[in-house]
Amino acid sequence: MPDKKENGFVKFIKTHKGAIIGIFLGLVAGVLMLTIGFFATLFLSICVGIGAFFGSNNKYKKKLFAILDKILPDIFK
């Protein structure tokens, strides 16, 4: 089966993926600020960031849990 040549639109999307994501996130943030307000949008963004942090599998999460294990008493384990 021969490879299909990518049309111009798909090539544009692949080339400018970061800019398109940034534009979309800026649009969503602007709409949220206009509808629910600045501080509610800020709180929502912080909650999403915390959720993304704990939902990902990265080395910083393991370090944070190690620090919390040292700080928090054994009753929380």
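**View 1. Helices α2 and α3 are oblique to each other.** Here we're looking at a predicted model. The axes of α2 (residues 17-36) and α3 (residues 38-55) come within 7 Å and cross at roughly 130°. That angle counts as oblique because roughly parallel is under 35 degrees, roughly antiparallel over 145 and roughly perpendicular 65 to 115, with oblique for the rest. Axes are lines fitted to C-alpha atoms, for helices over the stretch in contact, and angles run from 0 to 180 degrees between N-to-C directions. Helices are DSSP runs (H or I, at least four residues), numbered from the N terminus.

**View 2. Zooming in on the contact of α2 with α3.** From α2 come Ala-29, Leu-32, Met-33 and Ile-36, and they meet Phe-38, Ala-40, Thr-41 and Leu-44 of α3 (contact means heavy atoms within 4.5 Å). By class, that's 7 nonpolar residues, 1 polar and no charged ones (Ala, Val, Leu, Ile, Met, Phe, Trp, Tyr, Cys and Pro count as nonpolar, Asp, Glu, Lys and Arg as charged, the others, Gly among them, as polar).

**Notes.** Residues are numbered from 1 along each chain, and side-chain values use heavy atoms, leaving out hydrogens and water. Local features need pLDDT of at least 70, side-chain atom pairs count only at pLDDT 80 or more, and totals for chains, interfaces and linings use all residues.

Technical notes. Helix = DSSP H or I, 4+ residues; strand = E, 2+ residues; numbered from the N terminus.
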